[in-house]
Amino acid sequence: MKKNILFVMNNLNCGGAEKALISLLETIDYSQFNVDLFLFKHEGLFLSKVPQQVNLLAEPFGYEYFDMAAKEAVKSCIKQGRFDIAWSRVRAGFIFQNEKNRVRCEQRIWKHLSYSLKRINKRYDVAIGYLEKTPIYFCVDKVNAKKKIGFIHNDYDKLGMDPEIDQKYFDKLDNIVTVSEECASVLKQRFPVYKDKVEVMYNIVSPKVINKMSSNHLNMKYHGVNLVSLGRLHHQKGFELAIEACKNLIDSGYKIKWHVIGEGEERTKLEKLIKANRLEENFILLGLKENPYPYIHKADIYVHPSRFEGKSIAIDEAKILNKPIVVTNFTTVKDQIKDQETGLIVDMTSSSIAEGIKRLLDDDHLRGKLTSNLSNEKLGTESEIEKLYKLFNAG
């Protein structure tokens, strides 16, 4: 008999965890499992990529009131006679106003948001909160399942979360899955009582799919150096460092065109910085691209200026396309890159990023060595799905 599996996620906007979920859903064996997907909002670049075998559950009533302005939300609730939700939204409003840490804000709001959300009536064999915070909390509080699993996609200590809030939820999970050995080590140190629950499952990436998609035609003619970066326009991703590094390169006489694929709340701030440095023709925020691989394929160098990561899917994709990589020295970087063997690891400053890029541009031998080493690596991780099957069937 097939097992009933539920995945819980915020939405399918363009991010690493969202892309990882789609790759997982494309890999899972539907002859063994019935899969439901619960999204708080049916939106995002990857929504159209959900496999047809997956049953997408309806959006939950009530969530939208916590995703709109307080006055508008309360007025709408009262109009519908939902004074209970209106009161929860008012209390959540105080947290929105007073909690400046956005991550902890999401954690603290859950107790008010949860009053507005109904339980899922269906009984599951396994329920998976596929992202930290709200998806895990919903999985624990609102789902009836024999086994519950929570995914953490980043270095927990760099996320700025309140461990006390998470502790009571982690206590009710059967497994806590994370995406690299370093992330697992951080979780075990932060929550030693749950160290036996922590498992590592790498994000699923398929070289066959990525190479095929990278061959799509792209009209990007430029006679200088093409650099590319992927990521949300968010402080975590360090794109202001990239802008300053680009200015350094231009001032040093290099002809540079740097494309960034991604979207996020820091767009306006980054656009101002680009303009202030007169880099409008050199540093291009492309926004979201359904298929970013032709841009990586055309690039001379892939640059990843993050402040922290779990295990970056973008880096794995650049490795699969055999691109020379310059990456900042965040805590989990050595899980993916061997310095001067499969990429250059540089300090987390704009000058160090620029110097790493210059070094690769000026040293054909080193650039060729990195490309050659990557071409000889076994980079597909489709078999990681077996780890998930093992968790599904354990106990």
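Guide: With a definition: axes are lines fitted to C-alpha atoms, for helices over the stretch in contact, and angles run from 0 to 180 degrees between N-to-C directions. Helices (H or I, at least four residues) and strands (E, at least two) are DSSP runs, numbered from the N terminus. This is a predicted model, in which local features need pLDDT of at least 70 and side-chain atom pairs count only at pLDDT 80 or more, while totals for chains, interfaces and linings use all residues. Residues are numbered from 1 along each chain as its sequence is written, and side-chain values use heavy atoms, with hydrogens and water left out.

Visitor: At what angle do the axes of H3 and H4 cross?

Guide: The axes of H3 (residues 83–98) and H4 (residues 102–116) cross at roughly 175° and come within 8 Å. The two helices are therefore roughly antiparallel, a term for angles over 145 degrees.

Visitor: Which residues make the contact?

Guide: Contact means heavy atoms within 4.5 Å. H3 contributes Ile85, Ser88, Arg91, Ala92, Ile95 and Phe96, and H4 contributes Cys105, Arg108, Ile109, His112, Tyr115 and Ser116. By class, 7 are nonpolar, 3 polar and 2 charged. Ala, Val, Leu, Ile, Met, Phe, Trp, Tyr, Cys and Pro count as nonpolar, Asp, Glu, Lys and Arg as charged, and the others, Gly among them, as polar.

Visitor: On to the rings: how many aromatic pairs are there?

Guide: The count is 17 aromatic pairs, taking rings of Phe, Tyr and Trp (its six-membered ring) with centres within 6.5 Å. Phe33 and Phe392 have ring centres 5.3 Å apart and planes at 75°, so this pair is edge-to-face (planes over 60 degrees apart).

Visitor: Where do Phe33 and Phe392 sit?

Guide: Phe33 is in strand S2 (residues 33–39) and Phe392 in helix H15 (residues 385–393), so that the pair links parts of the chain 359 residues apart.

Visitor: What about the second largest pocket: which residues lie nearest its centre?

Guide: Ser23, Glu26, Val209, Met213 and Tyr293 do, among 19 lining residues. A pocket is an open set of points on a 1 Å grid over the protein atoms alone, where a 1.4 Å probe fits, with protein on both sides within 12 Å along at least five of seven lines; lining residues have an atom within 4 Å of a point. H1 gives the most to this lining, with 5 residues. The lining has 10 nonpolar, 3 polar and 6 charged residues.

Technical notes: Angles under 35 degrees count as roughly parallel, over 145 as roughly antiparallel, 65 to 115 as roughly perpendicular and the rest as oblique. Rings of Phe, Tyr and Trp (its six-membered ring) pair if their centres lie within 6.5 Å; planes under 30 degrees apart count as stacked, over 60 as edge-to-face and the rest as tilted.
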